[in-house]
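Biologist: I am new to this structure. Could you show me how to read it, feature by feature?

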Amino acid sequence: MLCLIFTLQSQNQDTITGTIYTQDRKPLAGVTVKILDTDLGTITDENGKFSLVTGQKKGTVVFSFTGYEPQPLYFILGKTDKFTVFMRQYQGQLQEVNINAGYYTVKERERTGSISRVTAETIEKQPVSNPLQALQGRMPGVEIVQQTGVPGGGFKVQIRGQNSISKGNDPFYIIDGVPYPSVRLNTANSEGITQNSSPLSLINPNEIESIEILKDADATAIYGSRGANGVVLVTTKRAKKGSSVINASISQGISEVGHFVDLMNTQQYIAMRMEAFKNDGLSPAATDYDVNGTWDRSKYTDWQQMLIGDNANITNTSLNISGAGNNSSYLVSGNYSREGAVFPGDFGFKRAGLNTALNFGSPMSRFNASLSLAYHYTASNLLALDPTANISMVPNAPDAYDQYGKLNWTYNNLPLIYNPMAQLLNTIDANTDNVIANASLSYRILKNLMIKTSIGFNSIKRDELAKHPLAAQAPVYNPTSVNRESQFGNNYNNSWIAEPQLSYDTKLGTGKLSAFVGMSFQQNKSEYRNINASNFSSDELMDNMASASIFNVLQSEYSTYKYAALFARLNYSISDRYYLNLTGRRDGSSRFGPGKQFANFGAVGAAWVFSEEKLFKDALPFISFGKLRASYGTTGNDQISDYQYLQLYTSGNSYQGSPTLVTQRIANADYAWETNRKAEVALQLGLFKDKLNLQVAYFHNRSSNQLLASTLPPSVGALSIQANLPATVQNTGWEFEGTVKILERDNWSWTGGFNLTIPKNKLVSYPGLANSANSTRFLIGQPLLIRRYYDTKVDPQTGLYVFEDIDQNGSQNDADLNLHKFMGPVLFGGLQNALRYKNWNLDFLISFTKQTGYSYLNGMSFQPGYFNGTTNNQLTAVHRRWQNPGDDTDVPKYSTTIDGFINSFLGKDGSQSVADNSYIRLKNVSLGYSLPKQWVSKLGINALSLSLQGQNVFTLTRYIGLDPENNEALNRLPPLRTFSIGLKLTL
């Protein structure tokens with residue numbers, strides 16, 4: 001329905017004018033105003049106003065805008081030529097939203113593939129530094145695990161499970177049409193602390209307009225081999241239609257460790273140690289400094305608070321200027337952010353960026369051009385190793401610093417072998433430059449025929465310097481200048497892509513036919529270098545490689561990757577209810593040998609909007625929208641290293657004074673693509689005029705022709721050869737999602753949403769598994785992410801671990817690994833809520849995961865009671881240890897002997913090493929207030945809003961470690977809890 005008011009006014013020209021509003025009387029910018037059956041048109045500005053020269057005395061003008069009901073209105077110059085229009089939102093609004101599918105856009109109503117979407121509105125309500133954090137818990141079928149809380153750290157992203165046994169499970173990233181690397185940015189220097197730093201850490205989340213994730217064959221087959229593991233499409237912001245607008249925002253916040261583990265205090269620790277001596281029938285020795293009086297037995301240091309207890313300050317600022325006319329628009333934006341660290345000292349991560357976007361032409365123009373250029377710069381100053389590993393330091397260890405504020409290396413005239421604060425001197429500085437450029441040009445040859453080309457360029461340059469100065473090394477080991485080491489790392493990644501396309505749209509019978517064909521040419525050059533320099537004369541000179549006298553090239557690589565493809569898509573719809581989508585692609589990759597470089601991929605997708613059938617309209621009137629869709633297709637996978645099909649030699653031992661070469665890898669000309677076959681069926685429902693929207697999908701994917709290392713006999717001279725084995729991995733699962741409009745009033749609204757994924761992964765086949773290097777990792781019929789372990793328990797009589805000796809040979813071996821557990825999510829999802837009262841809004845997300853993971857006992861580096869001089873404090877959970885014969889417990893007795901220490905490793909690989917690590921987390925909460933327009937307009941401001949946001953606010957879990965999300969690494973900084981306050985204004 002459209003409300004309108006005609007105002008009579010004579011015109012000196014053949015011009016119609018007017019103002020367009022929403023139902024709540026807000027100006028609606030970007031509304032398309034078009035004279036029917038002509039090429040004449042315009043758009044409304046930021047105030048909802050338009051002016052259009054008609055060239056005729058009367059006619060029909062059509063107002064249209066995504067999500068609103070389009071309406072044709074008749075005008076007569078001099079009578080009805082000035083409009084005040086109130087547009088009504090389309091009742092099936094969700095079905096009219098345009099979804100980015102990469103090479104094309106499709107309405108939600110018409111899509112045949114599986115695509116999930118998060119928009120800027122959702123991203124901006126989260127105080128996150130990496131766009132991937134904004135997706136956690138919000139998309140079915142998308143598992144995102146933050147691997148560390150260190151700024152700029154890595155993420156594990158899997159879309160509908162793990163497809164490849166060896167590697168190559170990352171999705172394909174595209175930013176504004178330009179492929180973006182998914183591999184790590186860092187060199188070997190900083191892998192330890194950042195856990196393979198994420199390339200998307202270069203992108204400021206505030207720059208992003210939307211992120212779409214393509215999942216099934218119909219959505220991903222257009223990308224061929226690159227879409228085997230899903231596609232992540234990132235679209236940055238563009239100018240909104242209307243006059244010039246200035247948007248500015250600033251936020252300030254803090255991050256902190258959300259949960260500390262419960263470690264023993266000094267009194268508890270001393271009691272544990274003395275009980276260990278009693279159990280062993282021993283007394284403290286001269287080297288047992290913690291209990292023999294050498295160290296103060298009443299001293300207590302909270303090493304958690306000391307090492308990871310600081311508040312990390314976070315600052316985010318952004319400014320963008322945009323504007324648009326009838327046939328052009330522009331946007332220029334800049335941003336700066338700084339994220340500190342919770343470690344002591346001035347460590348952190350800085351990021352700055354500049355974004356420009358220009359658009360020329362309009363939907364009615366023959367020629368359209370879109371140009372974008374983005375520059376991102378990051379600088380990080382971090383530690384070489386994560387100090388979280390040291391939070392279990394002995395609680396009565398000597399102070400880290402002496403009375404002069406210098407590192408303490410002696411106590412009571414005895415040398416100290418370790419000082420955890422010395423790690424603060426082992427630093428890594430990294431600077432990264434990233435340029436992304438894209439030009440998209442299109443020309444309409446005929447009314448229904450368009451030619452288009454897209455040209456993109458991406459460059460990433462990263463320099464790292466890791467220093468290990470003499471001041472950080474214990475004097476007891478007598479370090480010399482040779483021990484002063486710096487590692488200089490460089491990582492360069494440059495790529496370009498060109499994609500010409502031809503598209504055609506026409507009516508065919510009672511339906512519409514849409515087709516396009518295109519080609520893709522891509523080249524990527526990467527260079528990686530890591531040089532170790534040592535024997536500096538001073539710690540002050542370690543930034544300069546020329547000051548060293550000893551050099552060693554640790555790693556040096558150079559590779560070129562070339563890729564070419566021909567692709568096509570054909571879509572046919574009948575009566576706006578039947579949809580058929582056919583996709584085909586032929587890919588060529590330089591990563592495979594001659595004769596194996598090309599492969600064909602394709603998919604078919606179909607959808608039926610059954611709610612448009614008269615039978616359903618009459619019988620089930622409460623169904624406002626109903627659609628069945630299905631898809632099937634194949635994609636490949638070339639996410640492997642370059643040149644793997646070639647023979648590789650390395651230097652060997654000298655022979656009679658002459659250098660030798662040794663075979664490192666055997667050539668394999670048959671090295672070919674992995675193949676991924678995907679199938680999906682889904683049901684979408686909109687009930688009660690779309691107040692309730694539901695979707696359920698079932699997927700069934702199989703990945704075969706796996707690229708694995710095949711064992712060779714010793715006589716060959718190489719241990720293995722990379723080859724395709726007929727091993728098959730299967731991923732199946734159910735995905736559920738929905739939204740419900742719980743309340744809709746003039747001043748009140750409440751919308752809820754949910755998503756749930758129940759995945760299942762299985763190794764279907766693996767010929768020769770028993771004789772391969774993976775014989776102890778995998779089991780046929782079980783998931784890839786299983787942990788095989790011994791059936792162990794604490795002997796009630798001895799208090800030590802015992803295991804079930806399956807082969808009865810009296811020793812612990814692989815044959816005794818008779819138990820296994822799936823170390824991954826059984827289900828995961830999220831519950832979203834968005835509430836609004838007048839100018840207030842409250843949004844929150846509760847995420848949840850049911851999973852099995854590592855227990856705290858797996859992270860127990862030492863037997864409770866054992867002393868190694870540094871990190872042998874224990875969680876208070878070990879209080880339930882074995883004490884007397886007959887005790888039934890999973891914690892062994894306290895022991896200070898080496899036998900007990902060795903026994904603890906049996907527990908690390910035994911039944912006690914796995915546990916239920918499920919959790920429910922208040923992932924995000926955002927409270928916002930928009931000041932009334934009548935207040936801010938007096939200051940010349942169009943809009944002003946305040947916000948209070950939180951991320952990882954609190955977690956409910958049985959896991960007693962630092963954090964259950966990534967419990968595989970118990971000595972790693974967990975994802976941090978963040979709170980921020982922000983201000984945003986529009987001029």
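This is a predicted model: local features need pLDDT of at least 70, side-chain atom pairs count only at pLDDT 80 or more; totals for chains, interfaces and linings use all residues.

Biologist: Start with sheets. What order do the strands take in the open sheet of 4 strands?

Modeller: First the general idea. Strands of a sheet pair through backbone hydrogen bonds, either parallel or antiparallel. Here the order is S4-S3-S6-S7, and the pairing is antiparallel.

Biologist: Which strands stand at the edges?

Modeller: Strand S4 (41–43) and strand S7 (71–76) do. Each has a single partner strand, so one side of each lacks a neighbour in the sheet. Neighbouring strands of this sheet are turned by 25° against each other on average, direction ignored.

Biologist: How many bridges join S3 to S6?

Modeller: Strand S3 (residues 32–35) and strand S6 (residues 58–64) run antiparallel and are joined by 4 bridges.

Biologist: Now a single strand. Which residues lie on each side of S12?

Modeller: In a regular strand the side chains alternate between the two faces of the sheet. For S12, Val142, Ile144 and Gln146 are on one side. Glu143 and Val145 are on the other. Both faces are covered. In strand S12 (residues 142–146), 5 of the 5 residues are buried.

Biologist: Which strand is joined to S12 by 5 bridges?

Modeller: Strand S13 (residues 155–159), and the two run antiparallel. Val157 in S13 is the residue opposite Ile144.

Biologist: On to helices. What span does H5 reach, and what is expected?

Modeller: Helix H5 (residues 266–280) has 15 residues and reaches 21 Å, close to the 21 Å expected at 1.5 Å a residue. Then look at its ends. At the start, a side-chain oxygen of Asn265 comes to within 3.2 Å of the backbone nitrogen of Gln267. Just after H5, Gly281 has a positive phi of about 65°.

Biologist: Which residues of H5 are buried?

Modeller: Thr266, Tyr269, Ile270, Met272, Arg273, Glu275, Ala276 and Phe277.

Biologist: Which residues have the most contacts inside the largest nonpolar core?

Modeller: In soluble globular proteins, nonpolar side chains tend to be buried together. The largest nonpolar core here has 53 residues, and those with the most contacts inside it are Tyr269, Ile308, Val342, Phe343, Tyr856 and Leu973. H5, helix H6 (303–308) and strand S22 (367–383) each supply at least two of its residues. H5 gives the most, with 5 residues. Another core, of 27 residues, lies apart from it; Val128, Leu200, Ile203 and Val232 are among them.

Biologist: What does Val342 touch?

Modeller: Setting aside residues up to four places away in sequence, its contacts include Leu307, Ile308, Leu973 and Leu976.

Biologist: Which strands do the buried residues of H8 pack against?

Modeller: Strand S41 (786–789), strand S42 (792–794) and strand S43 (801–803). The buried residues of helix H8 (residues 898–908) include Phe901, Asn903 and Leu906.

Biologist: Last, a loop residue. Is Ala228 buried or exposed?

Modeller: Buried means under 20% relative accessible area. Ala228 has 2% relative accessibility, so Ala228 counts as buried. Its place is in the loop between helix H4 (217–220) and strand S17 (231–236). Beyond its neighbours within four places in sequence, Ala228 is in contact with Asn163, Thr635, Gly636, Asn637, Asn676 and Lys678.

How values were computed: Residues are numbered from 1 along each chain as its sequence is written. Side-chain values use heavy atoms; hydrogens and water are left out. Two strands pair if DSSP finds at least two bridges between them. Axes are lines fitted to C-alpha atoms, for helices over the stretch in contact, and angles run from 0 to 180 degrees between N-to-C directions. The expected span of a helix is 1.5 Å times one less than its number of residues. Buried means under 20% relative accessible area, exposed over 50%, partly exposed in between (1.4 Å probe, protein chains only). A polar contact is a pair of N or O atoms within 3.5 Å; within protein, one must be able to donate a hydrogen and the other to accept it, and residues adjacent in sequence count only if both atoms are side-chain atoms. A nonpolar core is a set of buried Ala, Val, Leu, Ile, Met, Phe, Trp, Tyr and Cys residues joined through side-chain atoms within 4.5 Å. Contact means heavy atoms within 4.5 Å.
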